[in-house]
Amino acid sequence: MNNNFLPLLITSFDLLILILILFYWGFLLLKEKKLNARKRKINEEYTEIVKKAHDKANRIIEKSEYISKALEESANQTFLEVLDGLKSSSTNFYSRIEQKYEQQNLDVINQVSHKNSKDLEEFSKIYRQNLSVMQEDMKKTINKELESSVEEVKKYKQEKLDNIDSMLHEKINALATKLLPDFISISDHEEMFKKAVEEAKKEGLFN
Amino acid sequence: MENIFSTQDEIYTFIEKVERLEKDIYKIGDAFGKTLNSYLSETEKNYLMSYFVDANINYKDPESFVKGIKFLREYLINIPILTVHLAFMPSFELLGRMFSYINESTTEKVPLKIKYDPSLIAGATFEYKGVFKDFSIKKQNLYSNK
């Protein structure tokens, strides 16, 4: 009896565990089914909310466009009216100003003309004086330049003459060196030597 | 000491003679006077003797003689020379007269050095103790417009 009891007990326990597992599995399936149903519901609600919000936004946009258009038209109309008013008043104002300043301008022009005439006369006087001074200065400068030029020409002429003189001197001396010794006698040489010695003595060379 | 030389050449010739004398001084011994007569003229001999006396040198002592000759050479080389440039080549006779003209103008006899320079044309130039004087025709302007 004891030998049959233990296996039977074990088998019963196994069956019990199997039944518990099956039950838990069934429970899980049921739970999943519920969750899926809930998820679908949430999705549907979300779609509905988004759709409503979109519709509402469209309506608001349409409404604001209408208002904006109305406001723009109204503003344009008001602006045109104001502009007309301004144009009219400014034309009048300008006309008045024009009249006023036309007279003033005429007065000023008359005064200026009168003043200009005086200034012109004064200017002419100063100009004539300045011109006279300038002419004097120019005359002095020209005279100075002329004197300087004359001096330079004189200097240049003198330099040229000196060069020619020096050249002639060299040529004549060269010719004299070549020809004169043939015409100078020994007694002339002796006489000139004597004079040279006397000159050297006078100049203190032998002291 | 009074100068006896008329030209620079005479000075150099005298120096050469004295140098020969210097070489023979040990050979001649007592016959020194005889050798002096053979090498030098009477004037030159007297000049040398008066130099030894003036310089208080015993010429009979060979060492003193050599030393004295050395000093004499230095003295002769340093005698001031009058360098004369002439435009012509003078004859010996004329040269003698030219020495006379110069000696008449100087306080003592001055040795001359004569040089020939035909570019002078005529006249002469003198150079003495570093001073140069030109009395030639070349120096004078033959042509001048001033």
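Colleague: What makes up the open sheet of chain B, and in which order?
Modeller: In this predicted model, chain B has an open sheet of four strands, ordered β2-β1-β3-β4, and its pairing is mixed.

Colleague: Why are β2 and β4 of chain B said to stand at the edges?
Modeller: Count partners. β2 (112-116) and β4 (131-136) of chain B each have a single partner strand, so one side of each lacks a neighbour in the sheet. From one strand to the next, the twist averages 15°.

Colleague: How do you know that β3 and β4 of chain B pair?
Modeller: Pairing takes at least two bridges. β3 (residues 123-128) and β4 of chain B share six bridges, in the antiparallel sense. They therefore count as paired. Take E127(B): its bridge partner in β4(B) is F132(B).

Colleague: What packs on this sheet, and which strands does it touch?
Modeller: Helix α2 (residues 186-202) of chain A does, touching β3 and β4 of chain B. The direction of α2(A) makes about 35° with that of β3(B).

Colleague: What makes a residue of chain B part of the contact with chain A, and how many are in contact?
Modeller: The test is C-beta atoms within 7 Å, placed from the backbone. By that test, 25 residues of chain B are in contact with 25 residues of chain A. α5 (92-105), β3 and β4 of chain B each supply at least two residues of the touching side. The largest share, six residues, comes from α5(B).

Colleague: Which kinds of residue form that side of chain B?
Modeller: The division is 16 nonpolar, six polar and three charged.

Terms used. Residues are numbered from 1 along each chain as its sequence is written. Chains are lettered from A and ligands numbered from 1 in the order in which they are written. This is a predicted model: local features need pLDDT of at least 70, side-chain atom pairs count only at pLDDT 80 or more; totals for chains, interfaces and linings use all residues. Axes are lines fitted to C-alpha atoms, for helices over the stretch in contact, and angles run from 0 to 180 degrees between N-to-C directions. Two residues are in contact if their C-beta atoms, placed from the backbone, lie within 7 Å. Ala, Val, Leu, Ile, Met, Phe, Trp, Tyr, Cys and Pro count as nonpolar, Asp, Glu, Lys and Arg as charged, and the others, Gly among them, as polar.
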